[in-house]
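Take a look at the structure below.

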Amino acid sequence: MIYLDNAATTKTAPEVVEAMLPYFTENYGNPSTIYSLGSGAKKAVNQARRTIAAAIGAKQEEIYFTAGGSESDNWALKCAAEAYETKGKHIITTKIEHHAILHTCEYLEKKGFEVTYLGVDKDGLVDLEELKAAIRPDTILISVMFANNEIGTIEPIAEIGAIAREHGILFHTDAVQAFGQIPINVDELNVDMLSASGHKLNGPKGVGFLYIRSGLKLRSLIHGGAQERNRRAGTENVPGIVGLEAATTRALRIMEEKTAKETELRNYLIERIEKEIPYCRLNGHRTKRLPGNVNFSFLFIEGESVLIMLDMKGICASSGSACTSGSLDPSHVLLAIGLKHEEAHGSLRMTLSEENTKEELDFVVDNLKEIVQKLRNMSPLYEDFIKKNQSRK
Amino acid sequence: MYSEKVMDHFQNPRNVGEIENASGVGTVGNAKCGDIMRMFLDIDENGIIRDVKFKTFGCGAAVATSSMATELVKGKTIREAMQVTNKAVMEALDGLPPVKVHCSLLAEEAIHAALWDYAEKNHIVIEGLKKPKSDIHEGEEEEEY
């Protein structure tokens, strides 16, 4: 099997599993109890908090463990909106956010908040002038993702942070795709809240964190017990949190090497596809791009068909086509960068890890060439295109 | 997600291609929703469908339903072809996931659209046949690649 869907999820690293196991079998105590079994678990949670805080240049009391990226996004937006609604009811975000942000914004709109959805250019970058123009006296929050999950474009977070700070507006970033992949420092970037998830960096699923800058008056999203300094109820997912710590430690240790290897593989894959498969388009920015992300649209064909044929060759990838989204609409991200519907339907995302090899990518491109040609041969859109070209000659 | 039959018809689609000077050609669907089917019919003077070919832009289910629809109408009379409903196509494929049922409707529409074209060319009326919805390319601007 060749796994090229690391933006969906990653393989849990063996050292992560190893770190987690004792917290299922031996140190299974509840961190809120007073006997030593419980306090051992509490110690592990706090150690994890220190490690993760250090990884983004934060203080340990600014890290709150959650059940993952979606919870962190919900918490940041809903509770910031609630906390600052007396100041104003206007929020700025982008059209290419993850649904955890977009659907939360839609919810807030129903609750009487106004949301501005910034457009992006053809590469998926937010326009800073458009952002500045969107700011109003009643703007209380800006939320822009660190890096896009579909097209891999890395947003100008430092510049956005500076603009937000200058205007005294809270700045949240969904860093689910970026944390553990690229260096992040919340102070340098002027980020006030940051969401991250464990399973995108070879950690476990079902665990993540929200960074909340000290001084922010953010209430709880999950009410109940006094865990996480009274801000996030529920018995701590101790094995998950320990796993998230181990994954973070590993990610920081290998980041430089991993980035170099993935970037080389990524560029090789892009180059071969562009050279050998006609009528394709690279989606996302060519250089301001996550090291492992490759996203192409292949004209005249549909993405799900490509995915099934790749799967039959043992290759796992994903697509922004409607058929893979469960609705009739293709990816909102691909439409936001200006793709026509049929171009968005024909998209293929391949997200690499440092464990992939050139040989694997050669196998992928060799098969992809055949698959694309086979599907084009049965496509009425391709037939029309060829006939139109012939009649012009 | 798909039945073995759907996978078989997707991997080895029957009757892919075009028929030159076809008796009837029908294209249905649109790029917006992600499925376009084109059906070519070769109908002899006795009203028998001698040959049928298709081309489809779409997902696995769209290809498989097109392929199965061609199998079901090949060698049949026009009257028999009119009985090939989306339900018949789905049953022949051992079912489709609920979100893919519209693909089988498209296959039925494609046959009807090709028959409509045949009827118009030959100035005849086929009982029970309605004018197809011609939403392909509707509202889409001319495209340059």
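Chain A contains 15 helices and 12 strands. Keep in mind that this is a predicted model.

How is the chain packed overall? Chain A has 393 residues, and a compact globule with that number would have a radius of gyration near 21 Å. The value for chain A is 22 Å, so the two agree. Along the principal axes, its C-alpha atoms fill a box of roughly 80 × 50 × 35 Å. Of the 393 residues, 51% count as buried. Now consider contacts between residues at least 6 apart in the sequence of chain A. Of these, 71% join residues at least 24 apart.

Next, pick out one sheet. Strands of a sheet pair through backbone hydrogen bonds, either parallel or antiparallel. In chain A, 3 strands make an open sheet in the order β9-β10-β12, with antiparallel pairing. Strand β10 (residues 293-298) of chain A is joined to β12(A) by 5 bridges. In one of the pairings, A:N293 has A:T351 in β12(A) as its bridge partner.

Finally, turn to chain B. Here 23 residues of chain A are in contact with 20 residues of chain B. On the chain A side, the elements giving two or more residues are α10 (303-312), α11 (322-325), α13 (341-345) and α15 (380-392). The largest share, 4 residues, comes from α15(A). By type, the chain A side divides into 13 nonpolar, 6 polar and 4 charged residues.

Key:
Residues numbered from 1 in each chain as written. Chains lettered and ligands numbered in written order. Predicted model: local features only at pLDDT ≥ 70, side-chain atom pairs only at ≥ 80, totals over all residues. Rg over C-alpha atoms; globule rule 2.2 N^0.38 Å. Buried ≥ 20, exposed ≤ 12 C-beta atoms within 10 Å, placed from the backbone. Contact = placed C-beta atoms within 7 Å. Nonpolar A, V, L, I, M, F, W, Y, C, P; charged D, E, K, R; others polar. Pairing = 2+ DSSP bridges.
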